Amino acid sequence: MFLYNLTLQRATGISFAIHGNFSGTKQQEIVVSRGKILELLRPDPNTGKVHTLLTVEVFGVIRSLMAFRLTGGTKDYIVVGSDSGRIVILEYQPSKNMFEKIHQETFGKSGCRRIVPGQFLAVDPKGRAVMISAIEKQKLVYILNRDAAARLTISSPLEAHKANTLVYHVVGVDVGFENPMFACLEMDYEEADNDPTGEAAANTQQTLTFYELDLGLNHVVRKYSEPLEEHGNFLITVPGGSDGPSGVLICSENYITYKNFGDQPDIRCPIPRRRNDLDDPERGMIFVCSATHKTKSMFFFLAQTEQGDIFKITLETDEDMVTEIRLKYFDTVPVAAAMCVLKTGFLFVASEFGNHYLYQIAHLGDDDEEPEFSSAMPLEEGDTFFFQPRPLKNLVLVDELDSLSPILFCQIADLANEDTPQLYVACGRGPRSSLRVLRHGLEVSEMAVSELPGNPNAVWTVRRHIEDEFDAYIIVSFVNATLVLSIGETVEEVTDSGFLGTTPTLSCSLLGDDALVQVYPDGIRHIRADKRVNEWKTPGKKTIVKCAVNQRQVVIALTGGELVYFEMDPSGQLNEYTERKEMSADVVCMSLQRSRFPGCGLWTYCRIISDPSDCLQPLSMQALPAQPESLCIVEMGGTEKQDELGERGSIGFLYLNIGLQNGVLLRTVLDPVTGDLSDTRTRYLGSRPVKLFRVRMQGQEAVLAMSSRSWLSYSYQSRFHLTPLSYETLEFASGFASEQCPEGIVAISTNTLRILALEKLGAVFNQVAFPLQYTPRKFVIHPESNNLIIIETDHNAYTEATKAQRKQQMAEEMVEAAGEDERELAAEMAAAFLNENLPESIFGAPKAGNGQWASVIRVMNPIQGNTLDLVQLEQNEAAFSVAVCRFSNTGEDWYVLVGVAKDLILNPRSVAGGFVYTYKLVNNGEKLEFLHKTPVEEVPAAIAPFQGRVLIGVGKLLRVYDLGKKKLLRKCENKHIANYISGIQTIGHRVIVSDVQESFIWVRYKRNENQLIIFADDTYPRWVTTASLLDYDTVAGADKFGNICVVRLPPNTNDEVDEDPTGNKALWDRGLLNGASQKAEVIMNYHVGETVLSLQKTTLIPGGSESLVYTTLSGGIGILVPFTSHEDHDFFQHVEMHLRSEHPPLCGRDHLSFRSYYFPVKNVIDGDLCEQFNSMEPNKQKNVSEELDRTPPEVSKKLEDIRTRYAF
């Protein structure tokens, strides 16, 4: 079995975000890392929408990311620390839209190791040096400069190693143009290591250490080090030189401290807490991330606490000494992994989990009533300030980037009866979690919908002048009339436009610079800018059946297949060519490109015909499998727009798109010189004839194809996408540009006119999200009603009941603590406190402390997303597993079993026991009726129906239970599983158990002896997270380190094993060490690079073949598809081999060793690498495809075919 890996949706969680002028213009962009992916985002300063410019897989773990600019430069470079043992410096090339590797310096082994640098990066704020550090011992400094040709140069590394030292964070200190200086949070563990009593370990202090790079002597000195009182978690650089006082802010538990060397005293200020917080009062508060904003005259920091509250921090200075730190509550947003403040006044928040946000900073919060806290205010030691959280006041949300991270569970099923299956994804964390339904398609935002007086048959938009940015008219054609609408603030009907309103219209567009042309069945109407009208009437009884127009030419087809050609002369007149062209059959459709040829479709033939110089000579012809419906010639695939520096990029190809009446779209490459047609790709779109319309998307031409669904064919990041729109059926469309909607589409559907916008190009799925209360762990689908039964569990959380109780208790304490005279005031405050209800999805849920759990069981309708039933479990009961099943002794009733742990403490692990709750599904699967609960001794972490009974994994015991009146009755058990059962799959008499760290164990149930007997297991330890059966002998599994494997029992495996051939039946005395006598073989191994939490064998497209779909913790969705022929496998193996050598990964990691991180990669070809073929330089593409005896279009066609055969 050979498999091919394809990513359908790249990971969406963000681990790092940096901002800078990466394309060398005034506009700021954001570079984010998503685990093993680098992505460049550009927030549009006018609309506030975030566009993705470039996404690159680096096939390595990105551990740190920094923007870096040489002194006096205008362009930022990207410094990447990864697991490749190399430092890599990248530059973004806007003309080619790619990251170019400028430098790659090797310094150590690959892999994420303790003493190999790459974990921390710090740059000198003046852009002279960069430090790259390991978690322990090693630190290297590289000096960066420019040579005579202004190219970036890098020095050899200078060492700043110190043994037995752990590093927590590193930043570059802003010292102006003095010698570059770096500050590190370190801890020396040498004494603690050598002291057996453990006293030294308890007294070890963290130190703040400054390293100075002496540019004169060219080496690094450990300048200064001082112990810290609190344990710091990160540092913030304070602007220095002429901009500020220099130094660093140390963020530690409960305090923020300013330090600088010299005679500067330490200034420290406590971190304010929320007033009346329900959190555990013993719990400290830390800042988790920060962003700095600096202009010529001022600077401030935004720092976010772990509850999501952002504080604005400013420093008061006297001469060059800092006298106080001031903190002011700014706003509360979801907890971020990184924040960036842009020059345009935006705040980009890359959330730790869930969607990412772009906010506009509306106020700097200087003049509001919010109290300001200062380090100069007198406070008792251990006291802090209090503030009141409130909804957004200084920030305005302008854009939201959907993120599925983390996906905890996913099932694929067609519950909505749409033919194409939907993905039901449980994602998010805590109160921000949701159940999302993903469908393949582009999300369409409706700008406007208006009713029309009848059913129109076509619509166009035209501009008044070629230089106009926006359209002026929308023309709607009916069976016997034409309606003209003018576009302004609103859209209203006009009658003085010069268009003929009493006839249907075949086409209208801009001709020349400022004239309009309307083609209708009886003639052509040419409207000049000064409203003069010229008409050309059709001869005799003939009428115009089809036409094609571009800026200077008009070609019309009359009945009988006669083509008439018009061209505009320099004075703006439209002149008919004397010679007419007779075609051999009626013309069905035509398209005209700006260049030299119209295309026209006859019955089942397509011809390309040349133009004026040799008027309308046939150039080429293509036979078609069915009658064509429409044609469209577009230029795609090149970056045809000029970039900001005025350099013209590569020009794209011309494509002839042919829509057939049987619902098939053909895309053919059209040679711009000879008119030859080559490299045809076909795709079935739907049951209706395909109509094609040319629209603009992100500055490039794209084709909107309409059948029973509408599809958009566009080029995005050097790959073609053909994606359906998630919208109702449309009948006719045209591109649309206005101020509110610069790249829209105006379309008609029955009797309505709709203005639509497609904003999320490149997105594979469109999603509908339904909010949940706690983190969803698993869900099952009730087979009869299709409802979902979801279990949600959170650690460190309160249930609703406990929360209300805590609030009540705190309110009573508030009243009691007040003196006699303040009683009334206190009672009012207590009442206000009980009434206030801040949404937890924004302000976070209170942290209850270790060993506190909250859980609910929810029955949900997946189509409407409404909750049908909700069962709240008691405090400290945590649901871990769920199953829906029927018992053979109760007939047709469905039961839901939920495995619950009681008082579970994770570290050191202890548990008070567990329960299995049994509910009966009533009201057609809409309500849970509690039957009974069965106590068990460990955590029931896996439940599976089995032959009319149920299998439950209780800790490491595998048991069969049956339904009783008062509780579940134990029928049989097996005690030989090593550690802890994390999953159970069943097929026939076989049970495949996944152990938390010992891979798979195959168990056979013997009915006669009522025994569960282990007959086979795996030879590798695997920390299995999820598993899926592929057939009777084969199981696919994933582990928590990001690997996927397929394991198969050899053909001679015998599951009729007797446990004990001696006949003593001493089943309890056997050791665990030897394991089972028969071993499974590994069919395939593959490192995905992200923890996979669900696997399912399914088909994603109607009529497609089966594939193995996996989803990852970072929000990625991918598939593994089997090869059906040896030649395909051979071809892709060679493509992968050539790409590994010709196009090595961007950050210096070796592709083969990345995919073999834990186990050598076996029998899998990486489609993500193969698809980078499309983004290689043309000469390299040619070399690779010649080695394969193909042409580049043939190779990319093969890549596209395997993708569309299984998925999208």
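Visitor: Tyr357 and Tyr359: buried or exposed?

Guide: Tyr357 is buried, and Tyr359 is too. Buried means under 20% relative accessible area, exposed means over 50%, and partly exposed is in between (1.4 Å probe, protein chains only). Before we go on: this is a predicted model, where local features need pLDDT of at least 70 and side-chain atom pairs count only at pLDDT 80 or more, while totals for chains, interfaces and linings use all residues. Residues are numbered from 1 along each chain as its sequence is written, and side-chain values use heavy atoms, with hydrogens and water left out.

Visitor: How many aromatic pairs does a search of the whole structure find?

Guide: The search finds 37 aromatic pairs. Rings of Phe, Tyr and Trp (its six-membered ring) pair if their centres lie within 6.5 Å; planes under 30 degrees apart count as stacked, over 60 as edge-to-face, and the rest as tilted.

Visitor: Why is the pair of Phe311 and Phe387 called edge-to-face?

Guide: Their centres are 5.1 Å apart and their planes are at 90°, so they meet the pairing cut-off and the edge-to-face one. The pair links distant parts of the chain, 76 residues apart: Phe311 is in strand E26 (residues 309–318) and Phe387 in strand E32 (residues 386–387). Strands (E, at least two residues) and helices (H or I, at least four) are DSSP runs, numbered from the N terminus.

Visitor: What makes Phe311 and Phe387 buried?

Guide: Phe311 has a relative accessible area of 0% and Phe387 one of 2%, so both fall under the buried cut-off.

Visitor: And why is the pair of Tyr357 and Tyr359 called tilted?

Guide: The rings are 5.9 Å centre to centre with 35° between the planes.

Visitor: What makes Asp1128 count as buried?

Guide: Asp1128, in helix H6 (residues 1126–1142), has 9% relative accessibility, so it counts as buried.

Visitor: Which side chain does the side chain of Asp1128 make a polar contact with?

Guide: That of Lys1198, at 2.8 Å. A polar contact is a pair of N or O atoms within 3.5 Å; within protein, one must be able to donate a hydrogen and the other to accept it, and residues adjacent in sequence count only if both atoms are side-chain atoms.
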